[in-house]
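Hello,

Here is the structure we talked about handing over. Please open it alongside this email; my notes follow below.

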Amino acid sequence: MFDLRYHVASLAAVFLALIIGILVGVGISGKGFVSDSERSLFNQRIADLKSQLDSATLRGDGLARAQRAAQSFVADAYPALMDGRMTGQRVAVVFAGPEDGRTRSLVEQALGDAGGGSPLRTRALKLPIEPAALRHALAKRPALAVLATDRRIGDLGRRLGEELVSGGNSPLWQLLSDKLVEERSGNDVPPVDAVVVARTVTPQAGPTARFLAGFYTGLGAAGVPAVGVERSQSGSSAVTAFAKQDLSTVDDLDTEAGRLALVLLLGGAPSGQYGVRKTAKDGVLPQIPLAATGA
């Protein structure tokens, strides 16, 4: 469980972010502006939440009440804030390690709640890697085989990350599929608009660590939003590893606030580390865009 004392400020951040998204009258419904009755209800809830946050003390019971109030507010505002944000967006999902069904389900829930479809493509990587096996698979393509060496293994990872996003008939992914891919689904060809990555193995070392660092860098350098995710109860956090390679992160995917943060980031909100842990240095939520999403 996370420390409630640490998150009084984070709860306030939820409150402030939602105020910004609501009071400026943005078209968060996907159909235009919120109605006067909806705005009045939201304003009343804002006032109630502000009162509870202002009166919260450092005692655990007061902080727990503030937390419940914030969670209730997010739950009530969630459908309107999510509606239509991922319509028509193509998203790739990749697991560094075996596919985790619960994490995939939560990502798909977030996309669906925001009007999006299933991920365009999904990959689960076999880890740890075996550089010798990768070199053997690339033996007939010497220019590619040189990437599967200890010195260049990070470059191999970066190129695979970039090509996962760009799509097309990637020779690297085709040649390495048997050695590198544990599970795959979806359409390989079209480029994607955003990518989600989750690590399901313990922290790696040696060539595998360098490969993953390059892979994350490639995802982040491909010109589309790239977000590392995990659940709030994850035992071994990958947030630091993702952040080192300039990926945005969400550490509470199993909450409505976390899924909202993911959708905002995939839609182009300011990058950063978001969630409920101490590594979430940018707060619970990114800034909610102030432009209408619908006509």
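**The enclosed strand**

Strand β4 (residues 194–199) has 6 of its 6 residues buried, so the rest of the structure largely encloses it. Keep in mind that this is a predicted model.

The burial holds on both faces of β4. Ala194, Val196 and Ala198 are buried on one side. Val195, Val197 and Arg199 are buried on the other. In a regular strand, side chains alternate between the two faces of the sheet.

**Neighbours of β4**

What does β4 pair with? Strand β1 (residues 91–96) runs parallel to β4, and 6 bridges join the two. Phenylalanine 95 is placed opposite alanine 198 of β4. Alanine 96 is placed opposite arginine 199 of β4.

Strand β5 (residues 226–229) also pairs with β4 in the parallel sense, over 3 bridges. In that pairing, valine 196 sits opposite valine 227 of β5.

**The sheet and the chain**

Now the wider setting. The sheet is open and consists of 7 strands. Their order is β3-β2-β1-β4-β5-β6-β7, and the pairing is mixed. At the edges are β3 (181–186) and β7 (273–274), each of which pairs on one side only.

The chain contains 11 helices and 7 strands. It has 295 residues, of which 48% count as buried. Take the contacts in the chain with a separation of 6 or more: 72% of them come from residues 24 or more positions apart.

Helix α7 lies across β1, β2 (121–125) and β4. Its direction is at about 160° to β2.

Two helix contacts of α7 deserve a look. Two packed helices are described by the angle between their axes and the distance between the axes.

Start with α8. The axes of α7 (residues 153–166) and α8 (residues 171–180) come within 11 Å and cross at roughly 110°. The crossing is left-handed. On the α7 side, the contact is made by Leu156, Arg159, Leu160, Glu163 and Leu164. On the α8 side, Leu172, Trp173, Leu176 and Leu180 make it. By type, the residues of this α7–α8 contact are 7 nonpolar, no polar and 2 charged.

Then α9. The axes of α7 and α9 (residues 206–220) come within 6 Å and cross at roughly 35°. This crossing is right-handed. The α7 residues that meet α9 are Ile153, Gly154, Leu156, Gly157, Arg158, Leu160, Gly161, Glu162, Leu164 and Val165. They meet Pro207, Arg210, Phe211, Gly214, Phe215, Thr217, Gly218 and Leu219 of α9. The residues of this α7–α9 contact divide into 9 nonpolar, 6 polar and 3 charged.

**Single residues to check**

- **Valine 201.** This residue is in the loop between β4 and α9. Is valine 201 buried or exposed? At 16% relative accessibility, valine 201 counts as buried. Leaving out residues up to four places away in sequence, valine 201 touches Ala96, Gly97, Pro98 and Leu127. Serine 236 is 35 residues from valine 201 in sequence, and the two are 8.4 Å apart, C-alpha to C-alpha.
- **Proline 128.** The peptide bond from leucine 127 to proline 128 is cis, with omega near 0°. Proline 128 is in the loop between β2 and α5 (131–137).
- **Aspartate 246.** This residue is in the loop between α10 (239–244) and β6 (248–250). Its phi is positive, about 65°, although aspartate 246 is not a glycine. Aspartate 246 has a relative accessible area of 68% and is exposed.
- **Valine 284.** This residue is in the segment after β7. Its relative accessible area is 6%, so valine 284 is buried.

Best wishes

Definitions and conventions: Residues are numbered from 1 along each chain as its sequence is written. This is a predicted model: local features need pLDDT of at least 70, side-chain atom pairs count only at pLDDT 80 or more; totals for chains, interfaces and linings use all residues. Side-chain values use heavy atoms; hydrogens and water are left out. Axes are lines fitted to C-alpha atoms, for helices over the stretch in contact, and angles run from 0 to 180 degrees between N-to-C directions. Helices (H or I, at least four residues) and strands (E, at least two) are DSSP runs, numbered from the N terminus. A crossing is left-handed if the near helix is turned anticlockwise from the far one by less than a right angle, and right-handed if clockwise. Contact means heavy atoms within 4.5 Å. Ala, Val, Leu, Ile, Met, Phe, Trp, Tyr, Cys and Pro count as nonpolar, Asp, Glu, Lys and Arg as charged, and the others, Gly among them, as polar. Buried means under 20% relative accessible area, exposed over 50%, partly exposed in between (1.4 Å probe, protein chains only). Two strands pair if DSSP finds at least two bridges between them.
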